Amino acid sequence: MWMVYLKELKEVVRDKKTMFFMILLPLLIFPVIFGGVVYFTSKATEEARTKTLTYAVQNAQNAQTINEALLAESGLERVELPADQDIKDWVKAENVDFVLTIPDNYNSQPLEAGNNELQLYYNGAGFNAIKQRLTNIIEPIAQSSQQQAFAQLQVNDAQQQKLLEPIVLTEVNVADKRENMGEIVGGMVAYIVFILCLQGGMIPAADLGAGEKERGTLETLLISPIDRHKLVLGKFFTIATAGVTTSLVTVLSMAVWGILVGQSLAIEAITEFMGAIGIVDFLLIFLMLIPVVAIFSAVLLSLSIYAKTFKEAQGYMGPLVMVIIVPIILALMPGIKLEGGWAWVPLTNVALAMKELIKGTMDYFQLIAIFGSTAIIAAALLGFCVFWFNKEKVLFR
């Protein structure tokens with residue numbers, strides 16, 4: 001068995017494509033994700049803030065102060081509103097970025113007019129900062145009217161604060177920063193790690209079964225004085241080694257790049273979050289991935305044994321990505337927690353446990369159910385793989 005394992009492992013190491021998916025991809029995926037999210041978010045936000053917007057104002061004469069503020073604002077270009085034009089259709093046709101409608105009864109004195117309801121027409125389907133930019137222009141005018149009204153009523157600053165906020169709701173969030181960020185980050189980490197572990201074993205698995213058939217070396221291997229189950233175990237451990245290597249590199253990459261991004265961008269929340277996750281938590285995440293990798297390896301090898309060609313094997317393995325997404329989505333659904341029967345649901349339990357470890361709220365007794373159920377499934381699938389390999393009609397169909 002170990003001779004087969006070493007022989008197959010040497011061939012895997014020599015394959016550049018396999019090594020890329022095993023090592024380089026996990027190392028690169030996290031900086032690409034972290035850097036890409038930060039770059040494109042900042043770029044989109046900056047473009048939305050600095051883009052020159054075209055606008056029109058209906059009944060501009062009713063609010064001279066607002067009209068003058070809009071004209072004085074850089075980054076805004078005034079367009080005349082056509083007469084008898086349906087505003088919704090005009091904005092939807094992208095003739096302007098927004099239209100501001102001022103009511104006929106507009107009055108800058110709130111004690112006389114009460115609330116002045118202005119209507120903003122814009123296309124909110126995409127990311128833009130139209131409402132925020134317009135609010136920044138109108139808010140000082142509204143505050144000025146408010147201060148004039150308080151002055152007329154002879155209300156001092158302390159009384160103003162009490163009138164504006166008669167009831168103050170103070171939040172006392174019992175969850176720490178790690179729990180808050182872990183709830184968001186935990187599900188994403190499980191999604192990335194599972195897919196990378198699967199892809200890390202796909203290419204060697206396709207080559208060790210279907211690839212042997214195409215090269216005509218499977219027959220030579222079968223007539224060697226090695227038991228069938230040892231041949232299967234040798235190939236299985238080779239695929240598992242590729243998957244475990246991918247998972248180890250992924251976990252290390254996640255930790256290292258998370259700390260580097262937090263420190264280089266001076267994001268204190270990320271630095272504190274990554275620093276709060278202990279070495280034991282990262283070790284448990286890695287250990288939980290081992291039986292998961294065993295499940296993936298057994299399934300991939302079974303499909304590769306059944307396939308006639310390398311291309312056919314890849315066709316069978318591709319849809320597995322969609323199958324893996326389902327239990328991860330279950331782990332992300334609200335109300336789904338690592339308790340009760342969920343600790344025994346394959347893959348979903350590992351995804352939930354990874355999220356709990358990252359949050360720092362893990363019930364470590366649940367690890368018994370997680371490791372136990374995952375190991376049993378992996379052993380059953382490996383047994384099926386041995387059974388599958390012993391069938392001539394499967395090997396030479």
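Cys197 is buried, its relative accessible area being 2%, and Cys385 is likewise buried, with a relative accessible area of 0%. Both residues belong to a predicted model, in which the protein chain has 397 residues, with buried residues making up 40% of them. The secondary structure of this chain comes to 17 helices and four strands.

**Cysteines**

- A disulfide is a covalent bond between the sulfur atoms of two cysteines.
- With sulfur atoms required to lie within 2.5 Å of each other, the count of disulfides in this model comes to zero.

**Overall fold and surface**

- Where contacts link residues at least 6 apart in the sequence of the protein chain, 74% of them join residues that are at least 24 apart.
- The protein chain exposes about 21900 Å², and 62% of this area is supplied by carbon and sulfur atoms.

**Nonpolar cores**

- The largest nonpolar core holds 66 residues, and the members that touch the most others are Phe194, Met288, Phe296, Ile305, Met354, Ile370 and Phe389.
- Helix α12, spanning residues 279-306, gives the most to this core, contributing 15 residues.
- Once neighbours within four places in sequence are set aside, Met288 is in contact with Val350, Ala353, Met354, Leu357, Leu367, Ile370 and Phe371.

**Annotated transmembrane regions**

- An unreviewed UniProt entry carries the annotation "transmembrane region" for residues 20-41, 236-261, 273-303, 315-336 and 364-389.
- In the model, residues 315-336 are 73% helix and 0% strand, and the C-alpha atoms at the ends of this span lie 33 Å apart.
- Residues 364-389 are 92% helix and 0% strand, with 38 Å between the C-alpha atoms at the two ends.

**Confidence of the prediction**

- The mean pLDDT of the protein chain is 79, and 80% of its residues reach 70 or more.
- Among the elements of the chain, strand β3 (residues 98-101) has the highest mean pLDDT, at 91, whereas helix α11 (residues 268-276) has the lowest, at 56.

Technical notes. Residues are numbered from 1 along each chain as its sequence is written. This is a predicted model: local features need pLDDT of at least 70, side-chain atom pairs count only at pLDDT 80 or more; totals for chains, interfaces and linings use all residues. Side-chain values use heavy atoms; hydrogens and water are left out. Buried means under 20% relative accessible area, exposed over 50%, partly exposed in between (1.4 Å probe, protein chains only). Contact means heavy atoms within 4.5 Å. Accessible areas come from the Shrake-Rupley method with a 1.4 Å probe; for residues, only the protein chains shown count as cover. A nonpolar core is a set of buried Ala, Val, Leu, Ile, Met, Phe, Trp, Tyr and Cys residues joined through side-chain atoms within 4.5 Å. UniProt positions are given in the numbering used here, feature names are shortened, and annotations may be inferred rather than shown by experiment. pLDDT is the predictor's confidence in each residue, from 0 to 100.
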